[in-house]
There are 2 protein chains.
Amino acid sequence: MTMLKEKRITKPLFIHYHAYKKLQELAKHPFDLAKPGNLTPERLNKYVSESCGYKLLYGTERINDEVMIALQSLALESQAMQKMQQMQAGEIVNYIQGHPSENRPALHTATRDFFDSPNPSKAAMEAAKLAKAEIDKLKKFIADIDKENKFNTLIMIGIGGSDLGPKAHYLALQYLHKKGRSARFISNIDPDDVAIALDGVDLKKALVLVISKTGTTLETVTDEAIVRARFKSAGLNDAEHFISVTMPGSPLDDPKKYRKTFYMWDWIGGRYSTTSMVGGVLLSFTCGFDAFWELLKGANAMDKAALKNGIDKNLPLLAALLGIWNRNFLNHHTLAIIPYSQALIRFPAHIQQLDMESHGKRIDQQGNSVDFDTGPIIWGEVGTSSQHSFFQLLHQGTTTVPIEFIAYKENQWPLNDDVHGTTSQQKLLANLFAQSLGLATGQPSDNPNKVFPGNRPSHIVLGKKLTPYSLGALLAFFEHKIAFQGFIWDINSFDQEGVQLGKVLANKIISRFAKPNETPYPLGDTLINQLNSL
Amino acid sequence: MTMLKEKRITKPLFIHYHAYKKLQELAKHPFDLAKPGNLTPERLNKYVSESCGYKLLYGTERINDEVMIALQSLALESQAMQKMQQMQAGEIVNYIQGHPSENRPALHTATRDFFDSPNPSKAAMEAAKLAKAEIDKLKKFIADIDKENKFNTLIMIGIGGSDLGPKAHYLALQYLHKKGRSARFISNIDPDDVAIALDGVDLKKALVLVISKTGTTLETVTDEAIVRARFKSAGLNDAEHFISVTMPGSPLDDPKKYRKTFYMWDWIGGRYSTTSMVGGVLLSFTCGFDAFWELLKGANAMDKAALKNGIDKNLPLLAALLGIWNRNFLNHHTLAIIPYSQALIRFPAHIQQLDMESHGKRIDQQGNSVDFDTGPIIWGEVGTSSQHSFFQLLHQGTTTVPIEFIAYKENQWPLNDDVHGTTSQQKLLANLFAQSLGLATGQPSDNPNKVFPGNRPSHIVLGKKLTPYSLGALLAFFEHKIAFQGFIWDINSFDQEGVQLGKVLANKIISRFAKPNETPYPLGDTLINQLNSL
């Protein structure tokens with residue numbers, strides 16, 4: 001911790017690195033993917049790295065050896081590897097130097113550090129011990145629930161990090177759902193969200209999981225009150241149906257209201273909490289505890305890969321550097337995450353939060369305003385469906401969108417018919433490869449409407465099959481890709497001060513709805529009047 | 001049609017309009033929303049327009065009177081209103097001058113022109129007559145299905161425009177779903193998509209709707225074959241369960257294979273087809289025919305509003321102009337669509353296709369390469385959930401994202417508890433208003449991490465309640481907003497040549513999977529080998 005905090009630097013570091021200047025120079029003439037003969041089989045085979053059963057194929061990025069060397073120098077100069085080690089060792093990485101800040105570690109890696117060579121630092125070991133105790137509680141709880149055989153539905157109440165990650169993983173593992181078990185999700189303050197989630201649910205058979213680190217989140221607390229009222233009016237003892245995940249001592253840590261409470265701690269950020277109890281209860285209830293354990297194993301394997309030197313073995317570092325090349329040197333404002341896997345339907349929404357909440361920042365860790373671009377806009381939907389939606393713009397629009405494709409050799413379910421000589425999985429992969437190549441090479445034509453300019457960069461994260469293990473590895477891949485980018489930019493990837501202003505103003509307007517005769521808030525009142533005159 | 005096609009201009013028109021130069025000048029000093037005292041109640045009340053029960057509140061855009069006057073001049077110079085009239089009259093608007101192109105009308109407005117003052121042009125009347133005959137067929141079909149009382153599930157097989165619009169509308173009207181009736185959706189070639197959609201479905205009670213204009217879409221044809229095989233292996237007569245929506249004479253227009261076929265025509269673009277039978281069958285099956293009819297009525301009302309002169313009454317034109325200001329003059333690359341309405345959970349995905357497939361273009365209607373930016377990247381999720389996800393970046397990131405908010409005064413379901421003095425719907429709206437104001441004004445602070453720069457533009461589309469009527473109006477609002485932007489840029493919003501290259505390359509790679517010993521395709525083969533060595 002001290003190493004990071006000793007220095008106090010008064011200008012952003014990033015653009016003053018030697019490698020930055022070199023990369024700026026190289027970016028004047030980036031590799032031309034569309035030039036005939038440039039994209040070769042040799043190139044595609046050359047730019048491949050591998051970690052934890054995943055290959056990252058990046059011959060279709062606008063890079064060459066010089067760029068890759070300079071990017072690695074950037075990682076060296078910014079001490080990215082040391083910072084990753086410090087993060088996983090539990091040093092304080094969530095801070096802003098010289099200003100009040102959260103000032104704590106970001107130890108989500110400790111929520112899965114139960115396998116080979118656990119991190120030997122005291123902080124990491126203590127955190128892993130706490131996390132393991134919750135795991136053991138969970139294993140027993142699930143066994144009891146299985147034995148009780150009373151519940152078929154888990155109603156999850158949580159928002160942001162307590163919703164997007166768990167839901168994305170739940171959908172990704174639908175092929176493992178136990179027969180008759182499913183989940184409903186309530187996150188929005190919109191009352192229709194509650195109504196839709198409860199529609200058709202037999203409350204007698206429903207377990208309600210309320211997740212809030214502090215136990216004070218407006219949406220979660222309100223939605224819980226509404227759902228609890230439904231149990232009471234159905235004549236049920238709500239305390240027998242409600243469980244919680246929260247910090248020790250929070251309002252949700254109350255045995256009178258919850259039949260079981262699982263803990264998290266302030267060193268687990270909401271958006272980094274999927275491998276904690278936040279995701280654990282849901283995944284164990286629907287897929288079984290063993291599936292969750294496998295997920296942790298896969299995430300842990302990628303945690304270890306993120307500590308390895310060299311982009312040939314460290315996929316998160318490689319992806320981070322490619323992202324910085326596209327963002328800061330080729331100046332692309334967005335990044336599309338396109339899984340060619342229907343099971344990953346909500347995975348882009350999770351990565352959207354993970355990345356944009358981590359990197360929607362404008363100051364560095366020394367408190368200086370940054371003079372470069374930080375996090376891009378992350379968006380995406382699954383292929384091939386999205387080919388019939390927005391891919392028109394990806395091919396022929398005036399704005400270039402770098403793409404991170406994700407795909408698997410095998411599908412999940414026992415259904416993969418051969419139609420006209422190929423399976424659907426082969427057709428799926430053929431489409432992915434075609435997009436990656438077509439976006440890169442483009443195509444000339446005499447008809448201007450059929451011209452494809454090409455030179456649109458992408459890479460493919462390719463695995464064997466989407467299982468709990470490989471899903472955990474994929475999650476950690478993105479977590480660490482993002483952490484590396486924060487380290488290189490010297491920004492704090494672990495706080496979210498930018499959501500505070502909205503909360504303050506919302507509370508002012510809520511007060512105006514509640515007490516129209518008290519202190520006016522002119523701007524808010526004007527909008528309320530516009531609403532009322534509809 | 002002739003008026004548009006007579007001229008043959010050899011440079012893009014857009015940047016040569018007088019208004020363009022004026023707007024460029026004005027964009028040097030756009031209105032400063034963050035300057036203390038600039039955002040006033042008077043301003044919020046001044047910049048409000050209204051159509052079909054919707055208000056558009058745009059005081060939080062970076063505009064002033066001068067900008068709005070120049071934008072309206074831009075609409076005049078580009079003959080946007082005349083082109084809208086021509087489109088709705090059935091003239092050929094889908095063309096590229098001097099090159100082979102689809103060369104046909106875009107008459108989706110005819111699929112709902114059954115109410116007050118129908119369009120009097122011959123083409124529009126003929127199209128509306130065809131569409132009305134399908135409506136009548138549908139009404140009778142639904143009555144028969146209701147009487148037969150055999151089916152509880154509709155399995156929709158379709159992709160892109162045959163999937164996103166219908167699904168978004170189906171979810172938006174979930175509060176009207178008939179008891180025991182629901183739908184499943186298959187769009188992806190991914191075999192897991194088929195498996196997930198069929199999981200738990202009782203095929204005996206399932207009606208399968210196959211949608212493809214040409215009847216040749218790879219995904220749809222393949223997925224249909226797979227689903228049909230399941231019916232056969234379950235000992236069911238598949239022809240009794242399958243229905244289709246397609247063009248007359250296509251492979252899907254076959255009474256031996258489908259118990260009923262509904263028609264569409266080449267003058268309905270896939271992404272503009274929700275109000276045709278593409279959306280009609282699904283919505284009538286699940287919500288009842290009357291709900292679909294109300295949807296058409298609402299869409300038709302907005303069609304008429306789009307023909308009105310003046311941005312005070314013509315919401316689509318107003319929104320189009322605000323979008324062009326943000327895209328071409330303030331140079332923002334993306335636009336977020338954020339509904340504060342859980343029911344609109346997949347509406348952004350539909351608008352993403354509608355807008356990006358229409359405007360991901362690089363030539364104008366004369367075949368010239370454009371020298372300005374066309375369609376932005378459209379993305380978004382619902383509020384308040386997204387406040388806990390990516391709003392950090394919207395407030396404090398280095399890239400500004402203009403936002404189109406959508407919200408309603410009332411919620412849909414009979415559940416809107418008062419908790420601590422306000423209803424959830426009030427809390428929802430308070431949050432929306434707070435975001436809109438906070439993004440605009442920002443907030444200073446001594447702590448650099450708590451500084452909000454503000455000046456981030458947005459507007460709110462505000463309605464009374466999300467019903468079939470207002471949903472139809474909302475859909476048409478976006479359709480015409482997009483059409484107006486295409487007219488002003490002089491690009492063709494109705495074709496999608498940019499998806500062809502991917503199809504050609506995918507077929508080459510599919511052949512390589514099927515016949516590894518025939519003509520090699522070196523780039524594709526390299527990727528297949530990378531896959532096989534996993």
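This is a predicted model: local features need pLDDT of at least 70, side-chain atom pairs count only at pLDDT 80 or more; totals for chains, interfaces and linings use all residues.

**Symmetry, contacts and backbone**

Biologist: By what turn, and with what shift along the axis, can chain A be laid on chain B?

Modeller: The superposition is by least squares on the C-alpha atoms of residues with pLDDT of at least 70 in both copies, and it gives an RMSD of 0.0 Å.

Biologist: Which residue of chain A comes closest to the rotation axis?

Modeller: The distance is taken at the C-alpha atom and amounts to 3.3 Å. The same surface serves both copies, as 100% of the contact residues of chain A recur in chain B. The residue closest to the axis is Trp379(A).

Biologist: Which helix gives the largest share of the side of chain A that touches chain B?

Modeller: Residues are in contact if their C-beta atoms, placed from the backbone, lie within 7 Å, and the contact takes 123 residues from each of chain A and chain B. The side of chain A has 55 nonpolar, 51 polar and 17 charged residues; here Ala, Val, Leu, Ile, Met, Phe, Trp, Tyr, Cys and Pro count as nonpolar, Asp, Glu, Lys and Arg as charged, and the others, Gly among them, as polar. Helices (H or I, at least four residues) and strands (E, at least two) are DSSP runs, numbered from the N terminus. The largest share, 13 residues, comes from residues 424-441 of chain A, which form helix α15.

Biologist: How far apart are the C-alpha centres of domain 1 and domain 3 of chain A?

Modeller: The bounds come from an automatic or database domain assignment. Chain A is divided into domain 1 (2-105 + 298-495), domain 2 (151-287) and domain 3 (504-532). The separation of the two centres is 43 Å.

Biologist: Are α2(A) and α4(A) roughly parallel or roughly antiparallel?

Modeller: Axes are lines fitted to C-alpha atoms, for helices over the stretch in contact, and angles run from 0 to 180 degrees between N-to-C directions. The axes of α2 (residues 18-26) and α4 (residues 65-77) of chain A come within 8 Å and cross at roughly 155 degrees. Angles under 35 degrees count as roughly parallel, over 145 as roughly antiparallel, 65 to 115 as roughly perpendicular and the rest as oblique. The two helices are therefore roughly antiparallel.

Biologist: How do the residues of the contact of α2(A) with α4(A) divide?

Modeller: Among those in α2(A) are Leu23(A) and Leu26(A), and α4(A) contributes residues including Leu71(A) and Leu74(A). The residues divide into 8 nonpolar, 2 polar and 3 charged.

Biologist: At roughly what angle do the axes of α13(A) and α16(A) cross?

Modeller: The axes of α13 (residues 347-359) and α16 (residues 468-489) of chain A come within 10 Å. These helices are roughly parallel. Their crossing angle is roughly 15 degrees.

Definitions and conventions:
Residues are numbered from 1 along each chain as its sequence is written. Chains are lettered from A and ligands numbered from 1 in the order in which they are written. Two residues are in contact if their C-beta atoms, placed from the backbone, lie within 7 Å.
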